[in-house]
Amino acid sequence: MPLESLDIAWILISAALVMLMQVGFCFLESGLVRAKNSINVAIKNMSDFCISACTYWIFGFGIMFGLSWNGWFGSNLFLINAKEDYGLMAFFVFQLVFCGTAITIISGAVAERMRFSAYLLVATLTSGLVYPFFGHWAWGGAVPDTKIGWLADQGFIDFAGSTVVHSVGAWVSLAAILVIGPRIGVFTQGKSQIQGHNLTLASGGVLLLWVGWIGFNGGSTLALNVQVPHIIANTIIAGAFGGTAAMLVAYAYYRMARTYAIMNGIIGGLVGITASCHVVSTGAAAIIGACSGVLCFFGMRAMERFKLDDAVGAVPAHGLCGVWGTLSVAIFGSQELWGTGLSRIEQLWVQCQGILVCFVWTFGIAYLALKVINKLYPLRVTADEEIAGLNVSEHGASTELIDLITDMSAQDSAKSFTKRVHVEPHTEVGQIAAEYNRVLERVEEEFFQREKALTAVQKAQVEAFRANEVKSEFLANMSHELRTPLGIIIGYIELIKDDLKENNAPFNEEDFDTITHSSKHLLHLINGVLDISKIEAGQVQISVDYIKISALVEDLRRSAQPLIRENNNTFIIEVDPKVESIYTDHTKLEQCLLNLISNAAKFTNNGTISLFIQPTLMDSCESGVVFEVIDTGIGIPAEETSTIFDAFTQVDGTASRQYQGTGLGLAITKNFAELLGGSISLQSETGKGSNFRLVLPSKNPGEYIKEIPSGVDQKENSL
Ligand code: ADP
């Protein structure tokens with residue numbers, strides 16, 4: 001090829017810049033995938049260049065630029081070794097790196113799930129067959145005396161390869177994406193859920209690509225002529241407008257400048273200007289770039305919508321923008337600069353034809369070939385390998401981070417954290433692993449201590465429970481033995497007193513009264529303790545029957561009258577006529593009411609004690625009876641009302657201390673009320689009086705009848 005030294009130098013510098021794009025693609029694609037696949041993507045980027053360089057030198061360059069067979073394929077320049085024709089060799093180097101670019105686009109799109117060997121097959125197929133054939137049709141004839149390719153002959157213009165390089169890479173990617181399917185879990189909520197692991201690296205990759213594009217477009221003049229600065233300006237401007245437009249659209253959509261959108265917008269703009277940078281004004285380049293950025297953004301959204309998993313957005317950026325860029329030649333280009341002699345419409349038609357031919361040829365061949373290969377040899381890694389990550393499954397290339405994650409997942413799946421994770425000394429990840437192990441140790445220690453404390457508490461609880469049971473059983477069984485002699489003592493005191501009175505014997509009656517009073521108090525105390533013990537021992541039995549309210553009220557009036565009179569109180573009883581009877585345990589109900597009335601009488605002086613009996617509705621909606629015992633006595637402080645029903649609890653302070661009592665009455669009453677299916681509540685105000693509400697179901701309390709424990713005397717319960 002007759003080229004000046006300066007031109008050759010420019011071509012070679014441009015080739016170096018284009019090769020730098022390999023670094024850009026490597027950074028971009030490996031940054032946009034998850035860490036577990038980053039090495040795999042990087043290795044693919046290197047290997048596909050090796051493969052494409054080999055095949056392109058052996059036969060790709062010959063097919064693309066050799067002597068044309070009727071415009072369809074070249075037939076010489078295989079294994080090129082033109083030592084003397086340094087122009088041709090420079091051209092070969094430039095075209096070689098172009099081929100590498102087309103192939104490397106694919107690796108990003110199919111990242112994270114395509115088998116490495118399968119990818120090399122795709123790279124071989126594309127660089128050896130798909131790319132050079134189409135390249136010949138569009139660019140064939142660039143080497144003197146080789147005859148022109150059939151598309152170029154029609155007037156098809158694609159200056160630096162919007163279609164020839166970028167669309168070819170994109171359409172092969174699309175075919176591969178369709179054949180191998182999306183990554184596991186990528187579209188779980190209608191959107192791509194997988195985020196790149198290093199967007200900083202990816203952004204650096206885009207900037208490197210941008211720099212490389214100066215050689216990509218600038219070098220395509222194959223001469224350092226007056227066109228070059230304009231072409232480079234157009235290239236940079238289109239990239240900038242592409243990024244800006246995509247950023248604005250992303251902002252309008254997501255209210256934030258999405259990294260992916262900006263990165264792909266820039267690449268879209270650069271791809272868009274590639275076909276026409278030599279024939280459009282810089283203003284047109286800005287429009288082409290901006291439109292490319294927008295197109296790229298919506299292309300990415302469309303891919304997501306159709307669940308086409310393109311890991312790096314290669315199809316929209318290189319495919320769609322490639323199409324747009326190729327059409328832009330006819331839309332924005334200057335007719336004089338085309339040099340094809342076609343009108344704008346004719347040129348547009350030729351451009352469409354080229355785009356269509358590229359798609360049918362590239363996508364068609366790639367899709368068919370990959371479908372067949374996939375049947376014989378699965379292109380995709382297994383699900384387990386994909387989950388483990390291709391770095392490890394395809395290359396055994398583990399990293400400290402991956403080792404740590406693998407150790408942690410192993411712990412998780414084994415549900416055992418006793419084994420510690422491996423610590424790689426003198427690394428950051430090693431420090432994290434060591435810290436993680438320390439945390440595990442602390443958590444284990446904490447669990448151990450807690451378990452120890454818990455066991456001690458549980459043991460103490462069991463012992464306390466057992467001791468309480470033994471005590472309650474003892475007391476319950478001792479009831480006869482305690483109460484019978486006391487009853488006899490009280491009876492005999494009365495008899496002796498009567499005898500002495502009858503025989504007119506001298507005696508101190510007051511002493512006898514003190515003995516009787518103290519004995520009765522002791523009996524009351526023993527009865528209280530026995531009742532509570534029986535309740536705790538679960539030995540309370542209930543026997544229900546219909547009780548006439550009028551008879552109950554009469555009994556209460558008779559029993560309570562002496563107590564009422566003691567402190568000069570008035571006793572009022574009001575019964576709603578609707579309440580005639582209640583189906584419950586007579587003894588227990590009477591005991592509860594007597595407890596309440598005697599308390600009211602005890603803590604009230606010169607006041608009124610009222611008993612109101614009315615129908616009510618229980619919380620469970622069954623009909624019930626409410627027994628209200630209201631007094632105008634000393635009352636109970638608000639803070640005590642919640643604990644006053646606990647056994648052995650009395651209101652603290654001098655006021656209550658002057659009164660006798662056991663602190664068991666209310667506890668027994670509450671337990672009985674609950675055993676009878678009811679409840680008791682209290683409203684009280686210090687100095688104003690108290691209102692106890694005992695609510696019991698009026699009928700059908702069958703479910704509350706307890707089994708009588710064997711060996712317990714049924715009559716024993718009555719006082
Ligand atoms: P006891 O009356 O034998 O001490 P109770 O369990 O029946 O035991 O009552 C516990 C405490 O509740 C009493 O000591 C008293 O302080 C308080 N109390 C109960 N009823 C009333 C009332 N009607 N007015 C004021 N205080 C009361």
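In which helix is the place of I8? The place of I8 is helix α1, where helices (H or I, at least four residues) and strands (E, at least two) are DSSP runs numbered from the N terminus. The model is a predicted one: local features need pLDDT of at least 70, side-chain atom pairs count only at pLDDT 80 or more, and totals for chains, interfaces and linings use all residues. Residues are numbered from 1 along each chain as its sequence is written, and side-chain values use heavy atoms, with hydrogens and water left out.

I8 has a relative accessible area of 10% and is therefore buried. Buried means under 20% relative accessible area, exposed over 50%, and partly exposed in between (1.4 Å probe, protein chains only). I8 and F156 are 148 residues apart along the chain. Their C-alpha atoms are separated by 26 Å. A second pair is G624 and G678, 54 residues apart in sequence. From C-alpha to C-alpha, G624 and G678 are 8.6 Å apart in space. G624 belongs to strand β7 (residues 623–631). With a relative accessible area of 4%, G624 is buried.

The ligand was examined next. The shell around the ligand holds 21 residues, and N599, D631, Q650, T662 and L666 come nearest. A residue is near a molecule or strand if one of its heavy atoms lies within 4 Å of it. By class, the shell has nine nonpolar, 10 polar and two charged residues. Ala, Val, Leu, Ile, Met, Phe, Trp, Tyr, Cys and Pro count as nonpolar, Asp, Glu, Lys and Arg as charged, and the others, Gly among them, as polar.

A polar side-chain atom of K602 lies 3.1 Å from an oxygen atom of the ligand. For G663, a backbone N or O atom lies 3.2 Å from a ligand oxygen atom. A polar backbone atom of L666 is 2.8 Å from an oxygen atom of the ligand. Taken alone, the ligand exposes 530 Å², and the protein buries 98% of that. These areas come from the Shrake-Rupley method with a 1.4 Å probe; for residues, only the protein chains shown count as cover. Two or more residues of the shell come from each of α21 (586–602), α23 (665–675) and β9 (689–697). The largest share, three residues, comes from α21.

Empty space was searched as well. Rolling a probe the size of a water molecule over the atoms shows where such space is left. The whole structure has three cavities of 30 Å³ or more. A cavity is a set of points, on a 1 Å grid over the protein atoms alone, where a 1.4 Å probe fits but cannot get out; lining residues have an atom within 4 Å of a point. Grid points are joined across faces, edges and corners, and a volume is the space filled by probe spheres set on the points. The largest cavity has a volume of about 60 Å³. Its lining includes F25, L28, E29 and I105. Helices α1 (5–31), α9 (259–274) and α11 (314–332) each supply at least two lining residues. The lining divides into seven nonpolar, two polar and one charged.

Backbone angles were also checked. L79 is not a glycine, yet has a positive phi of about 45°. L79 sits in the loop between β2 (73–74) and α3 (86–109). At a relative accessible area of 45%, L79 is partly exposed. N504, also a residue other than glycine, has a positive phi near 50°. The loop between α18 (479–502) and α19 (509–537) holds N504. N504 counts as exposed, at 68% relative accessibility.

Technical notes. A polar contact is a pair of N or O atoms within 3.5 Å; within protein, one must be able to donate a hydrogen and the other to accept it, and residues adjacent in sequence count only if both atoms are side-chain atoms. On a 1 Å grid over the protein atoms alone, a cavity is a set of points where a 1.4 Å probe fits but cannot get out, and a pocket is an open set with protein on both sides within 12 Å along at least five of seven lines; lining residues have an atom within 4 Å of a point.
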